[in-house]
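Please open the model in a viewer and keep the sequence panel beside it.

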Amino acid sequence: MNHLLKLSNLTADEMTHILDVADEYKRLHRAGNDPKDLQGKAVALMFGKHSTRTRTSLEVGIYQMGGLGTYLSTDDLQIARGEPIQDTARVLGRYYDAIVYRTFKQSDVEALAKYSGVPVISGMTDYAHPLQVLTDLMTVREHYGTLEGLRAGFVGDGYNMANSLIVGCLTMGMTLVMACPKGYRPSADVLYFARQYGEKFRLAEDPDEAARDADVLFTDVWTSMGMERETERRRRDFYGYTLDAARMALAKPGCMVQHPLPAHRGEEITDEVFEGHADEIFGEAENRLHVEKAVLGILLAGK
């Protein structure tokens, strides 16, 4: 693994290795023994989208590993005044050992990786959210002890989370039923990827199909960053796609719930379901720290 730009670039063995390293970093952290695997290393944290968990977990994780993380808002960089991404990449690559980039266009992350000469990690794009889905897989594996053979359901927008969930769940041996309203399907290339897994993946419009017999249910906000003008239309289009008690009753007893946060309670998930699964959801949020440390440790410290 030279970069982490999207999950389809990883093999099942590579994903498993990330999860194993994340488990070890978590164990050591809880024992009060954080390895200083980034001692003398500097990581640029470029953010073109708002962030709570990604920014703070990266800053804390890099500190725990003995490195320097520099937060760089793209509004403050020369990118905002028209500097080409490839020029910014070639500058930062001469200062930093790695770059995390959270932005809108997947092509910008790909360009950064092409020109920077250092490892690049996607902090999220409109196309993919690899760090979050690796975190979800870590959290589900912690709960069940395995991923192979589990049945997952997703209810919501076929956007970046959905794209990465399809790749991550199928690669790791899970079955996935995804329910999205008409007009909100995942990306065509991701659906093409899923075809090789046959009956292990199904795309539906009825959210009850995603919930039925699920071991874990995923959801996400109906209106992602940059879509605020579509909020009212999306509320109408996603009406009936809420994770509520009736829908949870269709899942297996003890079914987990995962949400990348922030949650819009009363839209994609009810307050009752959110609070009933809060330990799982905030355990998921905590695991972002350990997954990000694992990816950095693999890329920069040969873990």
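Begin by selecting A179, which stands opposite A204 in β7. Strand β6 (residues 175–179) is joined to β7 by four bridges, and the two run parallel. Strands here are DSSP runs of E with at least two residues, helices are DSSP runs of H or I with at least four residues, and both are numbered from the N terminus. Two strands count as paired if DSSP finds at least two bridges between them.

Before moving on, note that this is a predicted model, in which local features need pLDDT of at least 70 and side-chain atom pairs count only at pLDDT 80 or more, whereas totals for chains, interfaces and linings use all residues. Residues are numbered from 1 along each chain as its sequence is written, and side-chain values use heavy atoms, with hydrogens and water left out.

As a general point, strands of a sheet pair through backbone hydrogen bonds, either parallel or antiparallel.

Next, select strand β8 (residues 216–219). Are its faces covered or open? Both are covered: V216 and F218 on one side, and L217 and T219 on the other, are all buried. Buried means under 20% relative accessible area, exposed means over 50%, and partly exposed lies in between (1.4 Å probe, protein chains only). Strand β5 (residues 151–155) runs parallel to β8 and is joined to it by four bridges; L217 in β8 is the bridge partner of G153. Three bridges join β8 to β9, also in the parallel sense, and F218 stands opposite Q258 in β9.

**The four-stranded sheet**

Now select β1 to β4. They form an open sheet of four strands in the order β2-β1-β3-β4, with parallel pairing. Because β2 and β4 stand at the edges with a single partner strand each, one side of each is left without a neighbour in the sheet. The twist averages 20 degrees from one strand to the next.

Strand β1 (residues 42–47) pairs with strand β2 (residues 68–73) over six bridges in the parallel sense, and F47 stands opposite S73 in β2.

Five bridges join β1 to β3, which run parallel, and V100 in β3 is the bridge partner of L45. Helix α3 packs on this sheet, touching β1, β2 and β3, and its direction makes about 145 degrees with that of β3. Contact means heavy atoms within 4.5 Å. Axes are lines fitted to C-alpha atoms, for helices over the stretch in contact, and angles run from 0 to 180 degrees between N-to-C directions.

Then select helix α4 (residues 106–116), whose buried residues are Q106, V109, A111, L112, A113 and S116. These pack against β1, α3 (85–95), β3 (98–102) and β4 (120–124). After α4 comes G117, with a positive phi near 80 degrees.

**Helix α12**

Select E292, which lies in helix α12 (residues 278–301). E292 is buried, as its relative accessible area is 3%. Leaving aside residues up to four places away in sequence, E292 touches T54, S57, L58 and L131.

The contact includes I18 and V21 of α1 and V291 and A294 of α12. Helix α5 (residues 130–144) and α12 also pack at about 115 degrees, with axes 8 Å apart. Among the residues that meet there are L131 and M138 in α5 and E292 and V295 in α12.

**The cysteines**

Finally, select the cysteines. How many disulfides does the structure hold? It holds zero, a disulfide being a pair of cysteine sulfur atoms within 2.5 Å. The nearest cysteine sulfur to C169 is that of C255, 12 Å away. C169 counts as buried because its relative accessibility is 0%. The sulfur of C180 is 13 Å from the closest cysteine sulfur, in C169, and therefore too far for a bond.
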